[in-house]
Amino acid sequence: MASEAIIDLAAFARNVRHLRSIVSPSELMVVLKANAYGHGVVETGQAAVGAGSRWLGVLDIDSALRLRAAGIDPSVRIMAWQYLPGQRFEDAVQAHIDLGVSTIAELDAIAAAAVLRPARIHLKIDTGLMRNGATADDWPGLVEAAREYQAQQRVSIVGIWTHLAEASEDDDTVAVQRFVQAVDVAGRLGVTFEVRHLAASSAGFRREDVRFDMVRMGGHTWGIPSFDGTSAQEMGLEPVMTLRSEITAVRDGVAEVPLGYADGIPGRAAGVLDVAIRGRRRRIRSVGIDSMLIEDCADVVVGDDVTLFGTGAAGEQTVREWGDLTHTLGDEIVTRISTRVVRRYVSDASAT
Ligand SMILES: *Cc1c(COP(=O)(O)O)cnc(C)c1O
């Protein structure tokens, strides 16, 4: 296999357990959106459950249904929250998927689909991000409508949630206050919630006061730290994905690697990022559509292993460093590694 993304499910499971212990007694929802940030939604979903996770989060209903079809039973909650225009909810209700609800239109469609059993819903309040979620003005109306449907056993109101911007501590503090107000308003309307959740990786890791009943984490579970100047190791986390390949040609000290921007290698990597060959870092000279050139390779031969990013065990940079040096998030680097690149799942880093 010339190129592959090695996914260390044991490292992922250790990350999940570690993060669960950090946010405890709050629950941890492992967020597997965008095909688990490129790591594979089914494989990592099963590994998360193996590590004790009782909540999985995905954006779309199709991914939620794939997880159920892979055998994850309804004792594990799977939540979806991003819908297509005209989305149908029958299959989701049937498969015991928890559904985020931002508008009365969504609520109506979900209630209409809930024929055999009440749909489990989480009402979303906007607390400043302005991406979606009910505004403070619309909130009482949404709560009352949900209460009516609950009385008719069309829905079961499980949660209240929002998404923190995590851009500044002060903004998050204001968002938490708005969130608590929304809980109070609902309480006065006779609606209570089992699960209150708002924080993702950054705020959830550092701030106890934002954890409430559950924290939703994506980035940190992949061993990608979201804080400036902090390594995964310092946070007790391990990078899960290692991208490796083999040298396909060498000429005049320049080596070719059969991965390019079609595979998700950032074009901005040229002149900025390094890869590791024979335990030593060498600079990427250029990135083409399906291959890239590496400098400083006089000692390299065709067939040599090349590690692009990973844990650092072979001398390579981490995803975090790739993100920092190309001015993006490590999350983006792993998510963009295309499906052209085979994923190989291992349960022991030594197998790499
Ligand atoms: C993506 C997402 C998360 C996880 O975010 P990370 O920063 O990767 O931990 C949490 N909640 C919602 C609603 C999301 O869309």
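Reply: Val302 is placed in the loop between β15 (292–294) and β16 (305–309); helices (H or I, at least four residues) and strands (E, at least two) are DSSP runs, numbered from the N terminus. This is a predicted model, in which local features need pLDDT of at least 70 and side-chain atom pairs count only at pLDDT 80 or more, while totals for chains, interfaces and linings use all residues. Residues are numbered from 1 along each chain as its sequence is written, and side-chain values use heavy atoms, with hydrogens and water left out.

Me: Why is Val302 called exposed?

Reply: Buried means under 20% relative accessible area, exposed over 50%, and partly exposed in between, with a 1.4 Å probe and protein chains only. Val302 has 56% relative accessibility and therefore counts as exposed. Leaving out residues up to four places away in sequence, Val302 touches Ile247, Thr248, Ala249 and Val250, where contact means heavy atoms within 4.5 Å.

Me: What makes Thr328 and Phe205 count as buried or exposed?

Reply: Thr328, in the loop between α10 (319–325) and α11 (330–336), has 14% relative accessibility and so counts as buried. Apart from its neighbours within four places in sequence, Thr328 is in contact with Gly323 and Ile333. Phe205 belongs to helix α9 (residues 201–206), and at 17% relative accessibility Phe205 therefore counts as buried. Not counting residues up to four places away in sequence, Phe205 touches Leu19, Ile22, Ala200, Arg211, Met217, His220, Phe227 and Met235.

Me: Why are α1 and α3 called oblique to each other?

Reply: Two packed helices are described by the angle between their axes and the distance between the axes. Axes are lines fitted to C-alpha atoms, for helices over the stretch in contact, and angles run from 0 to 180 degrees between N-to-C directions. Angles under 35 degrees count as roughly parallel, over 145 as roughly antiparallel, 65 to 115 as roughly perpendicular, and the rest as oblique. The axes of α1 (residues 9–23) and α3 (residues 41–50) come within 9 Å and cross at roughly 50°, and α1 and α3 are therefore oblique to each other. The contact is formed by Leu9, Phe12, Val16 and Arg17 of α1 together with Glu43, Thr44, Ala47, Ala48 and Gly50 of α3.

Me: Which residues of α3 are buried, and what covers them?

Reply: Val41, Val42, Thr44, Gly45, Ala47 and Ala48 are the buried residues of α3, and their cover includes α1, β2 (27–31), α2 (33–37), β3 (55–57) and α4 (61–69). Just after α3, Gly52 takes a positive phi of about 95°.

Me: Why are α7 and α8 called oblique, and which residues make their contact?

Reply: The axes of α7 (residues 139–151) and α8 (residues 169–188) come within 10 Å and cross at roughly 45°, and α7 and α8 are therefore oblique to each other. Trp139, Pro140 and Val143 of α7 meet Ala182, Val185 and Ala186 of α8 in this contact.

Me: Which residues touch the most other members of the largest nonpolar core?

Reply: A nonpolar core is a set of buried Ala, Val, Leu, Ile, Met, Phe, Trp, Tyr and Cys residues joined through side-chain atoms within 4.5 Å. The largest nonpolar core has 112 residues, of which Ile121, Leu123, Trp139 and Met292 touch the most other members. Not counting residues up to four places away in sequence, the contacts of Leu123 include Val101, Trp139, Leu142 and Phe193.
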